[in-house]
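Hi,

Here is the structure I promised to pass on. Have a look at it first, and then read my notes below.

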Amino acid sequence: VLLIVPGIILALMFWATYNVIVDRNLGVIDSMKAAYEAMAGNYLTVIVLALAAFGVNLLGLLACCVGVLFSAPFAALLMVVAYCGMTGQITLEQQPAVEE
């Protein structure tokens with residue numbers, strides 16, 4: 001029981017490791033360092049996003065487990081967009097309009 005809270009804290013500190021590996025093409029240790037640096041100062045945001053993703057997945061489970069087919073990809077996309085925002089990458093809202 002005493003290892004659950006530190007485990008949750010570590011999971012929230014390093015949740016963006018996979019995103020860093022894909023985004024920056026780094027190794028495991030370097031990506032963990034980069035994920036930790038990206039999350040510095042964003043701890044409350046990460047906690048709220050993790051609770052929101054958990055809630056969305058829980059609602060998907062309550063829909064006879066069929067809703068998970070929609071809620072799990074939505075929660076994953078939510079976390080990826082949050083990663084892009086926390087690292088200062090351009091999102092769709094920040095892109096200039098393309099004129100034809």
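Let's start with helix α2 (residues 17-24), where T17, N19 and V20 are buried; buried means under 20% relative accessible area, exposed over 50% and partly exposed in between, with a 1.4 Å probe and protein chains only. Looking down the axis of α2, those buried residues fall within an arc of 155°, so they line one face of the helix; the arc is taken from the directions from the helix axis to the C-beta atoms. Y18 and V22, on the other side of α2, are exposed. The cover over the buried residues of α2 includes α3 (28-39) and α5 (68-86). Just after α2, N25 has a positive phi of about 55°.

Before going on, some housekeeping. This is a predicted model, where local features need pLDDT of at least 70 and side-chain atom pairs count only at pLDDT 80 or more, while totals for chains, interfaces and linings use all residues. Residues are numbered from 1 along each chain as its sequence is written, and side-chain values use heavy atoms, with hydrogens and water left out. Helices (H or I, at least four residues) and strands (E, at least two) are DSSP runs, numbered from the N terminus.

Overall, the protein has 5 helices and 0 strands. Its C-alpha trace spans about 55 × 35 × 25 Å along the principal axes. Of the 100 residues, 24% are buried.

Now the inside. The largest nonpolar core has 14 residues, and W15, A16, M39, Y83 and M86 touch the most other members. A core here is a set of buried Ala, Val, Leu, Ile, Met, Phe, Trp, Tyr and Cys residues joined through side-chain atoms within 4.5 Å. The elements giving two or more residues to this core are α3, α4 (43-62) and α5, and α5 supplies the largest share, 5 residues. Leaving aside residues up to four places away in sequence, A16 touches A35, M39 and Y83, a contact being heavy atoms within 4.5 Å.

And the outside? F54, L58, L59, L61 and L62 form a nonpolar surface patch with about 560 Å² of accessible area together. Areas are Shrake-Rupley values with a 1.4 Å probe, and for residues only the protein chains shown count as cover. L61 sits in helix α4 and, at 48% relative accessibility, counts as partly exposed.

Cheers

Technical notes: Patches are made of residues with over 30% relative accessible area and no salt bridge: like charges are joined within 9 Å, nonpolar side chains (Val, Leu, Ile, Met, Phe, Trp, Tyr) within 5 Å. A salt bridge is a side-chain nitrogen of Lys or Arg within 4 Å of a carboxyl oxygen of Asp or Glu.
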